[in-house]
Structure formats: structure tokens, C-alpha cells
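These are my notebook entries on what I looked up in this structure.

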Amino acid sequence: MKRRDFIKSSLTAVAATVTVQTIVGRAWGGSALKVGVMIPLSGPAGLFGPASKNVSQMAADDINAAGGILGRQVELVFADAGLPPAEAAQTALRLWRGDGCEAFIGMHDSAVRGALINVFKGQVPYIYCPNYEGGECARGVYYVGETPAQSVVPSIKWLTEENKLKKFYLIGNDYNWPRDTNAIAKNTIAELGGEVVGEEYMPFTVDNFDSSLAKIKETGADLVIITLVGGASVSFNRAFASFGLSDRVLRFGTLIDENTLAGIGAENSKNIYSAAGYFANVQTDDAKAFAQQYVAKFGSDAPVLNALSQSCYDGLIALDVIAEKAGEMSVASMENAAEGMEYDGPRGHATMKNKHLAMDIYLANAVGAEFKIVKSFRNMEPGNFCKA
Amino acid sequence: MTSSLLAIKNLSGGYGDLLVIRSVSLSVLSGRAISITGRNGVGKTTLMRLISGSLPCSSGELKFLGSNIVRSGAHKRFSTGMSYAPQENIVFDDLTVEENLTIHYRDSSLDRYNALFEKFPRLNERLAQRAGTLSGGEKKLLSFSRVIAEPTQLVLLDEPTEGVQSENMYLMGQVINEEKSKGRGFLIVDQNLTFLEAFTDTIHLIDHGEQIFQTEGNKFRTEIESLIAI
Amino acid sequence: MAFSLVVKLLPMAALLAFPFLTTSYSAYQLGLYLLYGIVGQGIALCWGNGGFLPLGQALFFGIGAYISGKILQGNIGWGVVILALILSVIIPALIAGFIGALVFDRQIGSGPYFSLITLALSLLGYQLANSQVLLTGGFNGLTGINGLPGIDSYGNLYFFIVGALAVSTLFLSHLVSTPFGQLLAAVRENEERLQFLGVKTSRVKAAAFAMSGALAGMAGAFFAPHQGIVTPQVVGFILSAELVIWTAVGGRFGPVGPVVGAVIIGFLASGLRDSFAYWEVVVALVFIIVVLRLPGGVGGLGISIAKRFGINVWSQKKFSRTETVPGADQKESPTLEFDNVSVQIGPVAILSGLSFSIKQTGIHCLIGPNGAGKTSALNALTGKLPYSSGKISWRGNTLKGIRPFRTSGLGIGRKLQVPSIFPGLTIRQNIDIAIWVNRLKFTHLFSLKPYQWNISLLDELQDSFPFLKDNEELAGTLSVGQRQMLDFTMAVLAEPNLILLDEPCAGLSKSETENMISVISNLARSSKATFIIVEHDMQVVELLSDHVFVMHQGKLLAEGSLNQIRDNKEVQRIYAGGSK
Amino acid sequence: MEVLATFTLNFVYSSATLALIVLGLALVFGLLGVMNMAHGEFVMLGAYSAYVVQSFSANFLWAVPISIIVCALVGWLMEWAIIRHLYRRPFDTLLATWGVAILIRKGIEAIFTRDYKSINQIMPETVEILGITYPSYRLLLIAIIISLFVVLFTWYQKSKTGLRIRAMVRNPELASAIGIDTARLSSATFIIGVSSAGLAGVLLSPLVRVEPYIGLDYLLSSFFILIVGGLGSLEGLLIGSAVIGGSDALISTIFDKTAGYMSVLLISILFLWLRPDGIFSRR
């Protein structure tokens with residue numbers, strides 16, 4: 001918080017009586033195209049906020065350098081999506097009706113997505129960036145994140161063949177994303193002739209996993225599929241390693257990102273596999289160029305990149321491509337322009353099918369505190385939902 | 001040389017705005033025993049709690065060893081030389097008798113109680129017992145022995161004889177006289193006039209929180225009894 | 001009077017005009033904070049008025065929101081909407097009332113245990129909301145909730161919310177001035193005394209908690225259409241804690257404070273959150289200062305400032321006592337029987353085989369040295385001290401394991417040892433509560449008629465105790481003597497058959513004592529009541545007693561007229577300072 | 001047999017760690033009656049002192065004294081500024097300490113951001129015991145906790161200060177009559193309490209997640225253990241940890257973790273309602 005910002009923000013704090021704020025809001029945006037960026041600045045997911053902000057700013061600069069969207073320079077308006085859904089919806093509404101944003105990108109959890117969809121009601125284009133459970137087709141919403149069908153299915157197949165895995169243990173938090181992801185994983189395991197030896201769901205407050213680790217040891221599981229979120233994933237993986245399980249039993253998850261790995265610690269990360277659309281050290285030329293550009297712009301000690309924060313970049317690029325294809329920034333025309341749109345980004349080549357992206361998926365293995373890519377799956381289909 | 005230990009002038013106080021003690025004045029010189037008596041419920045215990053610091057005084061002067069101690073906390077009054085044996089919850093029930101006797105000393109030796117143990121062997125026998133299990137009288141003996149052995153100039157005793165057998169009462173009177181000869185001052189509240197006559201220099205009669213009678217010497221039993229007879 | 005009416009209507013007018021002065025977005029935002037304000041009003045009712053702090057109020061807000069959200073998911077007509085509103089008010093009210101009755105029945109006093117129970121319940125609610133996916137939509141919550149038919153959630157739903165706020169504010173300000181509101185305040189002031197005035201305080205607290213549950217449910221009912229989504233955070237502990245903070249900062253002693261708190265902090269939060277990183281630190285600091293220095297909160301500050309300018313925001317209507325109410329029918333034969341009653345607490349025997357009986361009316365004095373068990377005998381009689389063996393019977397029925405609030409129904413009035421009144425209430429209010437004993441029926445709870453009740457005995461007492469006339473004085477400002485007289489007055493106004501007075505003259509000056517003695521003897525003559533007076537002061541016993549009981553070490557030592565007692569050798573021995 | 005061994009070891013480990021976390025609150029809430037809602041934040045402060053020591057790549061053992069000093073300072077400031085004035089007002093203590101909890105949380109977040117901090121494993125290898133492999137640091141931790149409690153018990157029963165605290169708690173008037181400065185002793189007890197919470201934070205930091213928001217879980221489990229175990233005595237704390245730790249472990253193995261968590265809540269509600277003084281209370 002540099003000094004200049006601090007003074008400016010405390011002045012606005014003093015002047016932030018309701019009337020002043022709303023009069024300013026009424027002035028209609030000039031030619032600049034305001035895009036609302038909903039990223040978590042507080043709450044449990046708040047640690048992804050700073051990197052997401054940097055990445056979004058980079059995307060806007062790149063788009064503006066190339067002439068903006070439909071000839072209009074892009075101006076980003078950031079807002080906190082880490083709040084409970086009720087307040088997050090409030091903020092989105094303020095950006096839309098108050099500050100005149102004409103499009104939104106969102107990097108937050110599914111509960112906030114539900115709230116935003118309810119507020120927008122398909123009247124403003126909205127790009128949902130992070131990986132999610134898939135299967136949703138709301139009007140005016142375009143999903144650029146990975147779906148379980150793209151990331152879980154190929155990874156389990158590859159891991160099973162490589163390591164002759166027989167028994168699988170599923171552990172996750174007790175809510176929709178883990179349950180839906182596990183459902184897809186179980187079909188794949190059944191197809192491969194594997195056996196699910198345990199499936200457990202935890203409340204968010206759990207910090208003691210001893211009983212689960214005992215069951216994992218007892219059932220002789222070969223691979224543990226982890227759909228725990230945030231802190232629970234850190235605690236589980238640390239305890240897992242402390243019981244010496246990490247040598248014999250592999251671990252796989254689609255939400256173990258660079259931050260979580262830092263929390264787990266280098267000495268506890270043996271045999272952890274993670275699948276996502278992007279990793280900080282993916283070695284493709286586009287990814288390396290993106291990483292260098294990020295370091296050049298924000299310095300080497302900038303917040304670490306991961307799939308979730310990087311997805312904001314793809315979100316803005318997708319918005320640009322769809323809008324250019326549709327010819328105008330309106331849901332009516334963008335709804336059918338989106339099908340089949342393509343672009344090349346840091347993640348590689350992506351094409352939109354049924355409002356989701358077919359894209360490259362990378363499977364990485366944790367070596368110490370770093371992720372090394374062991375396998376890339378080219379142009380994975382998002383899954384057969386939202387048929388046009 | 002009889003120096004002034006305690007000097008109270010027009011002391012008043014009570015519980016919140018409920019004034020129980022109304023402008024009481026008295027003084028205790030070293031080597032002297034001052035007694036206070038009166039029917040129960042007239043405020044004797046409240047006066048002792050005002051002097052010992054358990055209760056804040058509303059008005060009046062309270063001087064100990066010449067300095068005004070109205071403001072000083074109860075624990076400070078002990079360290080400046082004032083011992084206090086309260087009327088109720090007079091021992092630490094959870095601690096053993098020995099612990100009760102040694103809790104406020106660095107060393108845990110019981111030598112300072114040898115003389116008292118000779119007079120009250122019961123205490124010596126029950127050193128390891130939890131004080132809460134003692135009878136009322138035994139608790140009073142424990143509390144009495146504690147204050148007598150404390151290195152203080154002034155001793156406040158509130159109903160020391162309640163539940164104590166008469167032969168122990170006689171011994172307590174003897175001990176008080178011995179301590180008086182060593183120059184210690186006593187302020188004693190009790191209803192047992194025969195006990196008080198054994199060592200009292202001046203006695204005050206309290207009724208409705210006010211001093212209504214005062215006499216010197218130790219032949220006051222019949223006179224006071226007529227005053228407080230029902 | 002007109003001016004304070006304007007002061008009250010001004011905020012309502014401002015709220016109605018608000019959407020036209022600012023963007024409809026800010027009005028939408030204000031609507032949400034007003035809903036939180038309504039829940040805060042429920043908290044203030046329990047905490048400010050009743051003295052007990054609910055820490056999990058979001059539970060009832062969430063239940064209301066889930067119910068109305070579930071119903072509004074389908075496309076519905078107004079009939080269904082009314083049903084949704086009614087259900088989301090009644091169900092939380094029933095749950096809250098049930099919890100309140102269960103918890104308060106076991107513990108008197110507002111220890112922190114009730115707050116911790118409500119905290120644990122809101123945690124339980126959050127977990128259930130997350131895992132019962134079918135009922136609540138789980139983590140992603142209930143979505144696709146339509147607005148009210150024909151009402152744009154983003155537009156004029158706001159006016160429905162302002163209407164709901166008006167209803168809750170009017171209801172609460174009226175409630176405070178009704179007998180129920182006064183009894184609830186009396187619970188905060190002195191729950192034990194109120195029990196001896198025949199009020200089942202656990203029922204009063206449970207009712208207040210149920211009302212706060214209803215208010216929270218109503219706010220929840222509007223939250224669902226307003227937001228279009230209901231997620232588990234709505235039931236969780238974090239929102240409950242925030243609601244308590246807003247209510248504390250806003251002010252808990254009236255229905256306006258919590259709304260002020262919720263709105264101010266809400267707008268500042270949304271304005272500052274993105275630009276000022278340490279926003280929550282500021283709220284925490286303000287909250288600590290309010291808790292330490294400003295119990296009345298911002299609202300309380302405003303009211304005290306307004307008072308300084310002569311605007312009395314809380315003008316209580318004045319009533320004159322016009323309607324005389326018949327006195328209680330005092331039955332003839334007052335037989336009280338203690339039969340070998342004993343009470344043991346740990347190793348100490350408080351009462352050991354106490355037996356005596358009272359056959360005729362008049363004044364019976366109970367005397368004896370300290371610790372003889374005099375007060376314990378009264379405690380055993382009135383159920384404050386459960387007795388282990390023996391039997392106490394009054395007018396034929398045995399009093400075993402009764403609760404204090406039953407005693408006034410059996411015609412027993414009691415004045416406690418230390419003068420026990422309702423210091424935060426005015427003298428008139430203290431007297432009201434005493435008059436209502438055995439007379440206030442359920443229907444009177446919300447009507448203003450009981451304020452007009454008067455009984456002839458009160459006029460007599462007001463002649464002998466003139467200070468009872470200037471009614472608007474707070475009882476807490478009375479001197480000790482006056483408190484004794486007020487306490488005595490409250491004990492006798494119900495015209496009980498058995499009047500227990502514990503040291504009525506303690507702390508009284510000479511003249512006050514004489515006055516009290518004359519009042520007691522007049523009352524003894526005029527009414528057919530039986531008196532038991534515990535007293536140390538022998539002059540009082542001499543002037544008043546028809547009969548004297550002497551107790552010693554938990555047993556009856558002697559009884560008879562005062563002269564017989566005086567010649568009794570036993571009594572002289574323990575009284576003249578012999579060994580106990 | 002192996003399953004039984006694992007279950008008992010897990011039960012001993014979870015009860016021991018719960019008892020260590022609750023110890024601070026047993027002193028502050030159990031003995032002094034101060035409802036400290038910032039108890040969990042002191043555990044978090046302990047964990048972050050371990051992180052600071054590690055980031056200076058100093059030996060982990062330095063973290064123990066540093067965490068105690070940090071918590072003692074914060075505890076002293078809090079007791080002096082707030083708690084001292086609120087000893088007779090339980091509701092206000094609850095609310096004021098809740099405000100302090102937010103302050104500490106936000107302070108740590110401002111300094112360390114919200115990222116997860118990883119404390120290097122101490123003695124990462126496992127060891128064979130009762131026929132199963134078990135992390136050696138956990139066994140060391142159990143040993144430390146047991147010896148800590150044995151030392152604490154004898155100190156509390158035998159030492160002068162321990163005697164004086166017990167005396168003061170049960171009979172404050174007599175305590176000051178024999179020269180105990182009850183005000184200073186209460187604040188000392190408060191500071192010892194919060195510092196032991198810091199110690200728990202340090203010892204547990206290698207095993208648990210370290211981020212600014214872990215305080216709330218520790219606070220709630222501590223309150224529930226004290227309520228079930230009983231206030232005013234250290235034995236109550238052990239019984240409470242065993243009951244809560246045991247029922248959580250048992251029900252989560254039979255049903256699932258969510259049911260285990262809810263069973264703890266229900267047990268606490270029942271105790272709060274039926275037996276507010278807990279199993280082993282001496283208040």
C-alpha cells in the first residue's frame with residue numbers, strides 16, 4: 001500500500017458519504033469499456049487475490065495494446081468476491097448499475113457464481129474463470145476453467161497405467177464440487193477396473209485427519225484423490241507425510257496449486273500429482289513468455305502464479321475474442337458467436353465448445369516445493385453438457 | 001513507650017450506599033487490647049472489614065502507624081504490620097492445615113508455631129488434613145494461631161471464640177496477654193464478655209452502627225450485660 | 001408532544017424518500033442493511049431489555065430465509081407469498097421459544113451459558129445447511145428464487161422492507177410500554193425479586209426470545225427475494241457475531257439503535273472495504289471502545305445528547321390510577337406447619353429438625369443469634385432452599401419442591417433480607433408490578449389498562465410513605481430506608497395471607513423505624529394477614545410481636561410472648577454472650 | 001490388533017493436543033472466570049513465532065521462548081488495558097475480547113498476508129510402536145505434553161505461587177488479608193494462561209496449517225472442552241479433552257467426520273444446558 005494510495009484512499013474514506021459516492025457513479029462511462037473483475041480480496045480464498053489482480057491488469061494492457069475490445073480501451077474495475085455471496089452480489093450490482101461495467105470476469109467459488117448469475121439474469125456477459133464441477137449452462141455465462149472431465153479423467157487413466165494402481169481412496173470437503181468431481185472419478189475408476197476402497201467428506205472446520213489416515217493405511221489404497229479445499233488440504237497432506245505414507249501411496253488433486261504446495265512444505269510433497277490448465281513452470285513457449293512478462297511487469301517477488309490466478313488472463317482474452325466475433329458487447333449476439341471461437345494463450349490452444357473450453361491439460365508432479373510437468377494432454381474436450 | 005498503632009476518627013462505611021457504620025472513633029496503642037461488643041447485626045464485622053481494607057470507607061480518617069491508609073489495599077496493610085482474622089471463611093478450605101499456616105512465608109518451617117502447638121496440640125495433630133474438614137472451633141484456632149505468629153504490630157480478631165471450647169478460650173486469653181506484654185496491639189470483636197475481661201483495656205459497645213458506650217478496665221461484664229439484655 | 005412526534009416520523013420519511021434522492025442501487029444496498037437492522041432489533045429486545053445475550057441470532061434469520069426461499073422458488077401468486085411470510089415468521093419463533101423455555105427453565109440469571117448454547121446452535125445450523133443439500137442446496141445454496149410477484153426485487157421491494165421495519169419498530173416501541181415490556185425489563189433488573197412477585201421469569205424470557213426469533217425470521221423472509229439466493233453463511237456464526245457488533249455499536253437499549261448500527265457500518269464497510277485495507281481493524285477498535293465506555297452505543301449517545309436539548313425521544317405516556325381493583329379475598333384460617341424440617345449443605349446442617357406451627361393471625365417474630373437459621377427457614381418455606389427431610393404445610397397443602405414464583409399464588413408475600421427492588425425502573429413501575437400480582441391475566445399483558453389499576457391499600461401506604469407518590473423517580477436513586485419501605489410495600493400490595501418480612505427495619509434511622517413499625521401494626525390490625533418478621537432490633541420486637549419464636553443452631557429453642565421469652569433461662573444464656 | 005493400536009494412539013494424541021490447547025483457557029476462564037474469545041489468536045501467535053524463527057533459519061527451539069515472550073507481552077497489554085476493568089462483567093469481557101481477537105487476526109494478516117506458512121517438520125521420520133508406524137514427533141509431543149502436565153500439576157499443588165493462586169480463586173478476601181496482591185496475581189495468571197496458549201501454538205505448528213484464521217477453531221473446541229470437563233480445576237480440563245477427543249474420534253470412525261463434529265456440538269449443548277458446571281467442577 002504505497003503512501004500515495006494510502007492518502008488517496010483515506011480521503012475517499014472521509015468523503016465516502018452515500019450521496020457523494022452515488023453522484024460520481026451516475027456519470028455514464030465515456031468511450032472506455034469498463035469490465036468488472038470479481039476476485040477474492042478477503043475470506044479463505046483471499047490469498048489468490050493479489051496474483052489474480054496482477055494477471056488481469058496484464059491482460060487488459062495486452063488487449064489495449066492490440067487496440068482494445070471493439071476499438072474501445074478496456075478499463076478494469078476490481079471488487080472483492082471473497083465476501084459471503086449476499087455481499088459479493090451487492091458489490092457486483094454496484095459495479096454493473098453503479099459504475100457502468102458492461103462485462104464481468106469472475107475468479108471465485110461456485111456459491112458466489114450462483115449469486116452473480118441471479119443478479120445479472122443473463123443481461124450482461126460474464127466469464128467464469130476457475131476450474132469448477134462443470135455441467136452449468138446459464139445464459140450470458142462463458143466458462144473458461146477446467147472441468148473434471150478434462151482434468152480428472154485423463155490424469156487418473158495415465159497414473160493408473162503408469163503405476164498399475166488398483167485401490168483408490170477419495171477424500172474431500174462436504175460440498176458440491178468434491179462430490180461432483182468424485183462422481184466422475186468413480187466412473188473412470190470403474191472403467192479401469194480399479195476399486196474405490198473409501199470415500200469420505202469432511203466439514204470445513206476439521207483439522208485432525210488421523211482416523212482417515214488410519215483407514216487409508218488399513219485399506220491399502222494406492223492412490224488418494226484429494227478434493228479438500230484450502231487449509232484442510234494443507235493439514236491433510238502434512239499429516240499424510242508425517243505418517244510416512246507418502247513413499248508408498250500416491251496423491252492426486254485438481255486444486256493443489258503452488259500456494260497450497262508452499263503450505264504443505266517441500267518435505268511433505270513426495271508423490272503428489274496435480275492436474276490443471278496451467279502451472280507456473282509449464283515449459284511451452286507461450287507459457288514461458290507469459291511468465292517472463294509477469295516477472296518483468298511485477299518483479300521477481302510478486303505473488304506466485306497458479307492456475308486459478310492465471311485463469312483471469314484467459315478470461316479477458318476470451319471476452320475479447322467472443323466480443324470481436326459477435327461484433328458488439330451484448331449477450332444476444334455473443335451467445336451464438338461464442339460457439340467455436342478459438343485463441344492461443346499461455347495455456348496453449350483453446351476452442352469454445354458448448355460454452356466451455358476444449359484446452360490442453362497438464363499433469364504435474366511435486367518435486368520439493370516445485371511442480372514439474374510429467375504429462376500434457378492436448379485439446380481435452382470439456383464434457384458433453386450445454387448442447388446448443 | 002506506648003506509640004499509637006491505630007487511630008480512627010468519625011469512620012463511616014458499608015455496602016454501596018447502605019451506611020452500616022456511622023462515624024466510629026477509637027484508637028489502639030501498642031501493648032493495649034481494645035474490645036468491641038454488641039448484639040449481632042449491629043455492624044461489628046463491617047467495622048473490622050473497613051479497618052482491614054476488605055471494604056472501602058465512605059468517610060472519616062483511618063491512620064495506622066501514623067500514616068493514613070484509607071487508600072491502601074488490604075494486602076498492603078498486612079505488609080505494613082496489620083494481621084486480620086475475619087469472622088467468616090476464615091481458612092483456605094482446599095489447602096491443608098500446614099499449607100494454611102505457611103502459605104504467606106518464603107520458608108515452609110513451622111518453628112514459629114511451636115509455642116502455640118504446645119497450647120493447642122489439636123492443630124499439630126491435623127497438619128496434613130484439609131482445613132475444610134476441621135470443625136468450626138478448630139478453624140478458629142487455626143486462624144488465631146496464624147495471626148499470632150505473624151510478624152505484625154496490630155492484630156484484628158473478629159469473633160475469635162465462636163465455637164471454641166472454654167479451656168481453649170482461656171488459653172487464647174493468656175496468649176493475647178503475653179503478646180500484649182511484647183508491645184503488640186489488639187482490636188478484638190466478640191460477644192463473650194468473660195473472655196474479653198481477661199485482657200481488655202478499653203471496651204466499646206456498638207448498636208445500630210454507632211458507639212453508644214465505652215469503659216476502661218476489665219470489670220464491665222454486668223454493666224454491659226444490662227445494656228444489651230433483651 | 002407534537003415535536004417528539006416529528007422527531008419520530010422524520011427518519012421514516014427520509015427512508016421513503018431515499019430511493020428518489022440516490023441511485024436505485026444504493027436503495028437496494030440500504031434494503032439489505034435494514035433487514036440486518038431488524039434482526040438487530042430482536043437482539044436488542046433480548047439483550048437491552050431482557051438482559052440475556054443471544055449469540056446465534058443468524059440461525060433464525062437463516063431459517064426464515066430458507067423457508068421463504070424454498071417457497072418462492074416456484075412461480076407463485078400472492079396467496080403463497082403470504083403463506084411464505086407467515087411460515088418464516090412462525091417457525092423460527094416456535095424454535096426460539098422452545099429453546100428459550102428449555103434453557104431458562106433450568107437456570108435463573110443470565111449467565112453466559114445461554115449465549116454459548118445459541119453460539120453452538122448457530123454452528124450446528126451452519127453445518128446442517130452445508131450438508132443437507134436436498135433441503136438447503138448445500139454450499140452453493142438455494143438459487144432461482146423469484147422476487148415477490150410483480151415486484152422488482154431491485155426496485156420497489158425496498159418499500160416492502162421499509163414497511164417491515166416500520167412494523168417491527170412500532171411493535172417494539174409499543175411492546176416496551178406494555179406490561180409485558182415492563183416485566184421483561186424487571187427480569188433484567190432483578191429476576192429473583194420478580195419470581196417472589198409471582199412471575200415465571202423463564203416464561204417471560206422465552207417469550208422475548210421467541211419474539212426476537214420472529215423478527216429475525218421476518219427479515220429472513222424478505223432476504224430471500226431481495227438477494228435471489230440463500231447460502232449457509234446466512235445461518236453461520238460469523239454473521240451472528242457481526243449482528244451483535246452492529247447492535248452493540250448502534251445501541252441496544254431501543255429499537256432504533258441496531259438499525260443505525262447496521263446501516264452506518266454497512267455503508268462504510270461497502271464504501272471502504274476495497275480502498276482501505278484495515279477497515280475491519282477500525283470496526284474492532286470502535287467496538288471495543290463502545291463495550292468499555294459506551295454501553296448505550298451510538299444510539300444511546302444520540303438519545304442522551306437529544307435529552308440535553310430537551311427532545312425526549314422516549315416519552316412514556318402518563319397514566320393516572322383511575323380504576324380501583326377489588327382486594328384479594330383473604331381466607332380465614334391461616335395454618336402454617338413446620339414439621340421436623342432439616343436442610344443439609346455439605347457437612348454443615350443449616351436446619352436440623354425445626355418444628356413450629358402458626359394457627360392464628362397477627363405478628364409472629366422470629367429471633368435468634370447469627371447463623372441460627374432464621375432466613376434459611378423462610379428460604380425453605382418459599383422454595384428458595386430445597387429442604388431434605390420433614391414437611392412444611394401452608395393452609396393444608398404441603399410445600400415440597402415448590403418454585404419461588406408459585407408462592408404468591410398461594411397467598412405468600414416476601415420481603416428479602418437485603419432491600420430488593422427494581423432500581424432501573426421508576427417507583428410507579430415497581431408498584432405496578434406489585435399490584436399486578438395474582439391479578440394480571442394473559443390478556444392484560446399487551447393492553448395499557450393495568451396501568452390504571454389502583455387498590456385502596458396503596459392509598460394508605462402512600463399516606464404513610466409520601467415518597468411513593470412522586471412516581472417518575474428511578475427506584476435506584478432512593479435511600480436505603482426508602483428502598484426498605486418500597487420493598488415492604490411491594491410485598492404487601494398483593495394482600496397475601498402470609499407476609500414474610502426479613503429485617504424490615506435494618507438500615508432505617510430512628511424516625512423511619514417508628515414509621516415502619518406503625519405501618520406494620522396498622523396493616524396487621526386492618527388485614528386478616530399473618531406476619532412472620534425476622535428481626536434483631538429488640539425495640540421492634542417489643543412493639544410489634546404478638547408471639548415470639550426463638551431459634552438456635554437450626555432448631556426451635558423457645559416460643560411464647562416476649563415476657564415469657566425474657567424470663568426463659570435458655571434464651572438468656574445464648575443471648576447474654578455465653579458460649580454459643 | 002493394529003486397528004486398536006492406531007485408534008488408541010490417535011485418541012491419546014488428539015486428547016493430549018486438545019488438553020495443551022485448552023490449558024491456557026482453563027487458567028483464564030476456568031480459574032479467573034474471564035471469557036477470553038481471543039484464546040485461539042494466542043495459539044496462532046505462537047505458530048507465527050515459530051514461522052518467524054524459521055525464516056531467520058534459527059533453531060526451532062528458539063521459537064519456544066520467543067512465542068512465550070510475544071504472548072506474554074500481548075497478554076499483559078490486553079489485561080492492563082481491558083480485562084482489568086471487566087472482571088465482574090462476563091458479557092462485556094466476551095465482547096471486548098472478541099474485538100481483540102479481530103485486532104490480532106487483522107494485525108497478523110497485515111504483516112504476513114494470508115498465505116499458508118509451512119513450518120519444517122521436526123523429526124520427520126516415523127517409528128515402530130505397538131506394531132504400527134507412528135510419526136516420532138507426535139510421540140515426542142505426547143511425551144512433552146504429559147510431562148508438562150505432570151510438572152504443572154505438582155507446581156499447582158505444591159509451589160507457593162500455585163498455592164496462592166488456588167487460595168486467591170476460592171477465598172479472595174482472606175488471600176488479601178494475608179498479604180497476597182490479588183490484582184497482580186490475577187494478571188500474572190492471565191499472562192501465564194495466554195502464554196501457555198502460545199506454547200501450544202509453537203509445539204503444534206509443524207503439524208497444522210498456519211494462517212491468520214486458525215484461531216476460531218481452537219477457541220470453540222477449548223470452550224466446549226472446559227464446559228464439558230468442568231471449570232475451576234485442572235482435572236476438569238483432562239476429562240473434558242478425553243470426552244470431546246474420544247467422542248469425536250469414535251463417532252467419526254463409525255459414521256463420518258461431519259457427524260463427529262456435530263456430536264461434539266450436541267454434547268456441549270447438553271452440558272451447557274443440564275450441567276453448566278461440567279463433570280468435575282469446584283467453582
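Which residues of H12(C) and H4(D) meet each other? Before listing them I note that this is a predicted model. On the side of H12(C) I find Glu280(C), Val281(C), Ala284(C), Phe287(C), Ile288(C), Val291(C) and Leu292(C), and on the side of H4(D) these meet Asp92(D), Leu95(D), Ala96(D), Gly99(D), Val100(D), Ile102(D), Leu103(D) and Lys106(D). Sorted by class, the contact of H12(C) with H4(D) holds 11 nonpolar, one polar and three charged residues. As a reminder to myself, residues three or four places apart in an α-helix point the same way, because there are 3.6 residues a turn.

Entry on chain C as a whole. I count 22 helices and 12 strands in its secondary structure, and the C-alpha trace spans about 90 × 55 × 45 Å along its principal axes. Chain C has 580 residues, of which 53% count as buried. Of the contacts in chain C between residues at least 6 apart in sequence, 77% join residues at least 24 apart.

Entry on helix H14 of chain C, residues 374–381. Seven of its eight residues are buried, so this helix is largely enclosed by the rest of the structure. The buried residues of H14(C) are Lys374(C), Ser376(C), Ala377(C), Leu378(C), Asn379(C), Ala380(C) and Leu381(C). After H14(C) comes Gly383(C), with a positive phi near 80 degrees.

Entry on chain D and its record. An unreviewed UniProt entry lists several stretches of chain D under "transmembrane region", among them residues 12–35 and 56–78. In the model, residues 12–35 of chain D are 83% helix and 0% strand, with the end C-alpha atoms 27 Å apart. For residues 56–78 of chain D I read 70% helix and 0% strand, and the end C-alpha atoms lie 28 Å apart.

Notes. Residues are numbered from 1 along each chain as its sequence is written. Chains are lettered from A and ligands numbered from 1 in the order in which they are written. This is a predicted model: local features need pLDDT of at least 70, side-chain atom pairs count only at pLDDT 80 or more; totals for chains, interfaces and linings use all residues. Helices (H or I, at least four residues) and strands (E, at least two) are DSSP runs, numbered from the N terminus. A residue is buried if 20 or more other C-beta atoms lie within 10 Å of its own, exposed if 12 or fewer, and partly exposed in between; C-beta atoms are placed from the backbone. Two residues are in contact if their C-beta atoms, placed from the backbone, lie within 7 Å. UniProt positions are given in the numbering used here, feature names are shortened, and annotations may be inferred rather than shown by experiment. Ala, Val, Leu, Ile, Met, Phe, Trp, Tyr, Cys and Pro count as nonpolar, Asp, Glu, Lys and Arg as charged, and the others, Gly among them, as polar.
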